[in-house]
Amino acid sequence: MTSSARPLLNRRLAEFGTTIFAEMSALALRTGSINLGQGFPDTDGPEEIREAAVRALRDGRGNQYPPGPGVPELRTAITAHQERRYGLSYDPDAEVLVTAGATEAIAAALLALVEPGDEVIAFEPYYDSYAACIAMAGGTRVPVTLRPADGSFRLDLDELRAAVTDRTRLLLINTPHNPTGTVLTREELTAIAELAVERDLLVITDEVYEHLVFDAAEHIPLATFPGMRGRTVSIGSAGKTFSFTGWKVGWVTGTPDLVTAVRSAKQFLTYVASGPFQYAVAEALSLPDSYFDAFRADMLAKRDVLATGLTEAGFEVFRPAGTYFVTTDIRPLGPDLSQNGDGFAFCRALPELAGVVAIPNAVFYDHREAGAPFVRFAFCKRVSVLEEAVGRLKKLAG
Ligand SMILES: *Cc1c(COP(=O)(O)O)cnc(C)c1O
């Protein structure tokens, strides 16, 4: 028996009881809706990479605990990929750590680097695990709100500078940014780097969408800026880049000191994970540029189907420069349909109304009112599925 005076879930996690994704996925199932809520592809990654995983399993590679830092083949492939694409050199033995997806990398980095009471600055809206992991580490999250301007969500650099205090330990950066699709520019990254150096801050940078940038946008790793390599924990993942979100293979790169610190936490979370998949991801990272180019072109075409369709259906669309999400403003749909611009109410009603599931961006905000009218749709789905969803949404408006 437990004492009724004390809730089971501890105070650090009380506000993170259940995620919106569980609620919305259940709603999608019950109503037979098209689920554009959670961001996972509805087609699997390359056949040859799946075969590589099968081969590893059959050959007995990775069926037992792999080495703590990750299998050497994968660590070497990670560093070769960073070198080839960005000219960033890391030592595969001392400066790489393979994790159970980017999710574990984020958790381990925060648990390792944050002292209770430290402030952690992150962009709001944020990826949902950030707030929970900062809380588990005993840190205090300090949101800097990305605000809509001229069709995209922008960072206010003055607001970022003003958010830094004597208690700030680190900046948690995410570019390309989920859920807004914003890709930080060279100028913005330069300013962030200067601020980190000036105030002697650590930086964790979540770059899981590094290969999903569109149009004129360019992904530039924060670790490439002056003074940053020594203070930046960079996080990548195979899930989004290769369409294997179930494999949970992610990684951290950074100086030996940073990687050792992150490993100190990681070894007591999963210890190791995804043995055979690590070998397959090593092969995936070594695919020629043509794979990455085709993947990007495919997602770009999907973005355009969804973004154009949503515009025609009456939404205001923030056409993303990166990721596989589109954020919309529902207010142009009118007060009735948009539930007075309340994204929560809209997303709860939408499955019954139109047979489509989306996610209210407000769940990614501390300042919920700042996110109220915004709703996120994922476009990592087959074009036929996107077209069907868009058709349903157009009927709703028309
Ligand atoms: C999907 C996602 C992750 C988690 O990546 P996994 O490798 O699946 O754990 C982390 N950060 C962002 C911004 C994401 O969208």
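## Cover over helix H1

Strand S1 (34-35), helix H5 (128-136), helix H12 (343-354), strand S13 (356-357), strand S14 (359-360) and strand S15 (374-378) are among the elements covering the buried residues of H1. Helices (H or I, at least four residues) and strands (E, at least two) are DSSP runs numbered from the N terminus; buried means under 20% relative accessible area and exposed over 50% (1.4 Å probe, protein chains only).

The model is predicted, with local features needing pLDDT of at least 70, side-chain atom pairs counting only at pLDDT 80 or more, and totals for chains, interfaces and linings using all residues. Residues are numbered from 1 along each chain as its sequence is written, and side-chain values use heavy atoms, without hydrogens and water.

## Faces of H1

The buried residues of H1 are Ile-20, Phe-21, Met-24, Leu-27 and Ala-28. Viewed down the helix axis, they fall within an arc of 130° and so line one face of H1; the arc is taken from the directions from the axis to the C-beta atoms. Leu-29 and Arg-30, on the other side, are exposed. After H1 comes Gly-32, with a positive phi near 65°.

## Packing against H12

The axes of H1 and H12, lines fitted to C-alpha atoms over the stretch in contact, come within 8 Å and cross at roughly 20°. The two helices are therefore roughly parallel, a label for angles under 35 degrees. Ile-20, Glu-23, Met-24, Leu-27, Arg-30 and Thr-31 of H1 make the contact with Phe-344, Cys-347, Arg-348, Pro-351 and Glu-352 of H12, where contact means heavy atoms within 4.5 Å.

Definitions and conventions:
Axes fitted to C-alpha atoms, helices over the stretch in contact; angles between N-to-C directions. Parallel < 35°, antiparallel > 145°, perpendicular 65-115°, else oblique.
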